[in-house]
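Take a look at the protein shown here, and keep it open while you read. We will visit a few places in it one by one.

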Amino acid sequence: MKTYCTSIEINAAPKRVWTVLTEDLKREPEPFGILRIEGTIAPNARIKLWSEVDPKRAFALKVIALEAPFRMVWRGGMPFGLFVGTRTFRLTSDAGACTFEMREVFSGMLSGLITKSMPDLTPSFEKFADTLKRKAEHNE
């Protein structure tokens, strides 16, 4: 299984960070490295996402968990679980501030083959986390 992860300390309450993560991201996705999002970020909702990493491709995802303001999980991939990407967003509260963690795990029978052809997602993950921090701390 291939995994990408980033973590950052944010000097803002989890509720504020959650608003940026769910509402601001949907309204203005570009600073996060996302070109466009269609659909509603809600439990069991389906969304489509276009990323700077692969601008011509829409990623069909399902919001499989939404526990505001601490955890959200998106999942997408191929039929029969041949290739699955599961992205987890987690906020951990720490005395008026919080830690944001974003992790994506790729699994399935074809994951080894497919992840070899994928670009390194680390810069994309770091951009996302840095943007979230900036927007949450500065009320952008």
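## Ala-95, out in the open

Ala-95 is exposed, because its relative accessible area is 81%, and the cut-off for exposed is over 50%. You can find Ala-95 in the loop between S6 and S7. The backbone deserves a look here too: phi of Ala-95 is near 50°, a positive value in a residue other than glycine. Most residues other than glycine have a negative phi, and most peptide bonds are trans.

Please keep in mind that this is a predicted model. The mean pLDDT of the protein is 95, with 99% of its residues at 70 or more. Confidence is highest in S5, at a mean of 98, and lowest in helix H2 (residues 111-117), at 94.

Asn-44 is not a glycine, yet it has a positive phi of about 65°. With a relative accessible area of 54%, Asn-44 counts as exposed.

Now move to the loop between S4 and S5, where Pro-69 has its place. The peptide bond that joins Ala-68 and Pro-69 is cis, with omega at about -5°.

Start at Met-1, in the segment before strand S1 (2-10). Is Met-1 buried or exposed? Met-1 is exposed, since its relative accessible area is 78% and anything over 50% gets that label. Still, Met-1 has partners from elsewhere in the sequence: beyond residues up to four places away, it touches Val-105, Phe-106 and Ser-107. Along the chain, Met-1 and Ser-111 are 110 residues apart, but their C-alpha atoms are separated by 6.9 Å.

Gly-81, found in the loop between S5 and S6, gives another example. Not counting residues up to four places away in sequence, Gly-81 touches Gly-108 and Met-109. Gly-81 counts as partly exposed, because its relative accessibility is 34%, which falls between the 20% and 50% cut-offs.

Ile-34 lies in strand S2. Its relative accessible area is 5%, so Ile-34 is buried, the cut-off being under 20%. Leaving out residues up to four places away in sequence, Ile-34 touches Leu-25, Pro-29, Leu-49, Trp-50, Ser-51 and Phe-128. From C-alpha to C-alpha, Ile-34 and Trp-50 are 6.0 Å apart, while in sequence they are 16 residues apart.

Thr-88 sits in strand S6. At 17% relative accessibility, Thr-88 also counts as buried. Apart from its neighbours within four places in sequence, Thr-88 is in contact with Arg-71, Met-72 and Val-73, and with Glu-101, Met-102 and Arg-103.

## The nonpolar core

How many residues does the largest nonpolar core have? It has 32, and those with the most contacts inside it are Ile-10, Trp-74, Phe-100 and Phe-128. In soluble globular proteins, nonpolar side chains tend to be buried together.

Let us follow Ile-10. Setting aside its neighbours within four places in sequence, Ile-10 is in contact with Val-17, Ala-97, Cys-98, Phe-100, Leu-132, Lys-133, Ala-136 and Glu-137.

## The largest pocket

Rolling a probe the size of a water molecule over the atoms shows where empty space is left. The largest pocket holds about 630 Å³ of space. It is lined by 29 residues, and the closest to its centre are Arg-57, Phe-59, Arg-87, Glu-104 and Phe-106. Elements that give two or more residues to the lining are strands S3 (46-51), S4 (54-67), S5 (71-77), S6 (84-94) and S7 (97-107), together with helix H3 (122-138).

Which element gives the largest share of the lining of this pocket? That is S4, with 6 residues. By type, the lining residues divide into 19 nonpolar, 6 polar and 4 charged.

Key: Residues numbered from 1 in each chain as written. Predicted model: local features only at pLDDT ≥ 70, side-chain atom pairs only at ≥ 80, totals over all residues. Heavy atoms only, no water. 1 Å grid on protein atoms, 1.4 Å probe; cavity = no way out; pocket = protein on both sides within 12 Å on 5 of 7 lines; lining within 4 Å. Points joined across faces, edges and corners; volume = space filled by probe spheres on them. Helix = DSSP H or I, 4+ residues; strand = E, 2+ residues; numbered from the N terminus. Nonpolar A, V, L, I, M, F, W, Y, C, P; charged D, E, K, R; others polar. pLDDT = per-residue confidence, 0-100. Buried < 20%, exposed > 50% of the residue type's maximum accessible area, 1.4 Å probe, protein only. Contact = heavy atoms within 4.5 Å. Core = buried A, V, L, I, M, F, W, Y, C linked by side-chain atoms within 4.5 Å.
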